[in-house]
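User: I have a structure open and would like to talk through a few spots in it. Could you take me around, one place at a time?

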Amino acid sequence: MFVHWDHASSQGIEIGWPIVGKSIIPGEIEPRHKVTAEQYHSSAPGFNPSNWDAAAVAAMAKNAGAQYVVFTTRHHGGYSMFHSNFSDYGIENSKFQRDIVREFADAVRKEGLRVGFYYSLSDWHHDDYPKYLDSDRPYKKEHFPEANWPEMKGSPLELEKHRRPSPEQWTRFNKYVRGQITELLTNYGQVDVIWFDGGWERSCDEWDCPGLRKMIKELQPNIIINERLHGQGDYYTPEQSMPATAPSGPWEMCLTMGRHWGWTPDDKELKSSLRLVRTLIEVASRGGNLLLNTGISGDGSLEPIQVAKFEEIGNWMKVHARSVIGVEPTEGIDFYGPVTRNEDSIFLHLLLQPIKELTVRGLPVDRVKKVILMATGEEIDFNLNFEVHHRFKPGEDRTGEMYLVPPAASGASVDVIEVQLSPRSN
């Protein structure tokens, strides 16, 4: 679970992006929430999310079957949701005052989940960055991630720059960034993930990414880092859309439940629970994790319709979690839907309900011992075939085909057929 939140939620506008007058919604250029930079920041002093309940957020994540939760400690807008000695622009100086990040980390850890901190390297409020002003609009093309691609070297896209700080300002800003990261990785116990964003606005040399990684690993040796710290990450984070080809290494797809990351009352285009479960399955079948977002409202409460959707996902996960957690993609299994596996089972996800007969090819036929519908536990009769003249190598599983009459739909969001396997013989 991903959690996006800061004082802007009390205005009911998207987090961060209205400052620069750009939409973060795919396919849209103009922002839905048109405010000045001053208007965006104006809600910071009076921010008072009196209905904030960290335990409720952690319980929602646990009940939905999440394994870890990533929280926005500071987004591009520069507002710190934790107590910091390096900035007075944050929750500590609001009406609320309490350290929200501390409450979040303690609650998530109490539920037995992993703790993740989102942190934006860029800061559109900090004077030394420099602070983003209305006169800096429109958002310069060089800010887009592709401006730093090698093939853009010397092009107008690379060279069109936003105002840059003096060397003295940049030294101070880097000290600020490293100071806050040190606070986050020192004052809140074990942190399992640090999720960087905003790094595209400067080069790896400007951020000193190798040095930053070294510092992070010294503070939290077991932490994992996403790839948005130029070339220094442990895993890849595609956003909003499934990659056509699965990344070669570890990866995680981050996805909004509606159109926005932060809570907005006008975000009515929510994805169906069926679509979210199907996305989870398809991501897992390609070897990835799903980081599904929720926004917290301005008063600190959870959006009831999003709570309901996480509950529906959780109901499916209570029965089917083994098919998407602790599994890996399959190679050589020919089936019309997503397939995952672990040491004991192969899981066939019925995104499309078969009509008369279901065929699976490439199964280790000598190890198949039982086939069940996970939602009901019902055993399913099956037949097996293999190519009799193929000579299998010693120690190699003999593969073949399975035929079965598909069971009636159980009513689950997505039915899953589990093919249980006997241990591989030595």
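**A walk through the model**

Analyst: Glutamine 240 is buried, with a relative accessible area of 17% (buried means under 20% relative accessible area, exposed over 50% and partly exposed in between, with a 1.4 Å probe and protein chains only). This is a predicted model, in which local features need pLDDT of at least 70, side-chain atom pairs count only at pLDDT 80 or more, and totals for chains, interfaces and linings use all residues. Residues are numbered from 1 along each chain as its sequence is written, and side-chain values use heavy atoms, with hydrogens and water left out.

User: Where is glutamine 240 placed, and what is its phi?

Analyst: Glutamine 240 sits in the loop between β5 (224-225) and β6 (252-255), where helices (H or I, at least four residues) and strands (E, at least two) are DSSP runs numbered from the N terminus. Its phi is positive, about 75°, although glutamine 240 is not a glycine.

User: Switching to helix pairs: at what angle do α8 and α9 cross?

Analyst: The axes of helix α8 (residues 273-285) and helix α9 (residues 304-320) cross at roughly 50° and come within 9 Å; axes are lines fitted to C-alpha atoms, for helices over the stretch in contact, and angles run from 0 to 180 degrees between N-to-C directions. That makes α8 oblique to α9, since angles under 35 degrees count as roughly parallel, over 145 as roughly antiparallel, 65 to 115 as roughly perpendicular and the rest as oblique.

User: Which residues meet there?

Analyst: From α8, Ser273, Leu276, Val277, Leu280 and Ile281 meet Lys309, Glu312, Ile313, Trp316 and Met317 of α9, where contact means heavy atoms within 4.5 Å. By class, this contact of α8 with α9 has seven nonpolar, one polar and two charged residues (Ala, Val, Leu, Ile, Met, Phe, Trp, Tyr, Cys and Pro count as nonpolar, Asp, Glu, Lys and Arg as charged, and the others, Gly among them, as polar).

User: Is that lysine 309 buried or exposed, and what does it touch?

Analyst: Lysine 309 is buried, with a relative accessible area of 12%. Leaving aside neighbours within four places in sequence, lysine 309 is in contact with Met257, Leu270, Lys271, Ser272, Ser273 and Leu276.

User: How about α5 and α7, what is their angle?

Analyst: Helix α5 (residues 167-186) and helix α7 (residues 209-219) pack at about 20°, with their axes 10 Å apart. That makes α5 roughly parallel to α7. Arg178, Ile181, Thr182, Leu185 and Thr186 in α5 meet Leu212, Met215, Ile216 and Leu219 in α7, and the residues of this contact divide into six nonpolar, two polar and one charged.
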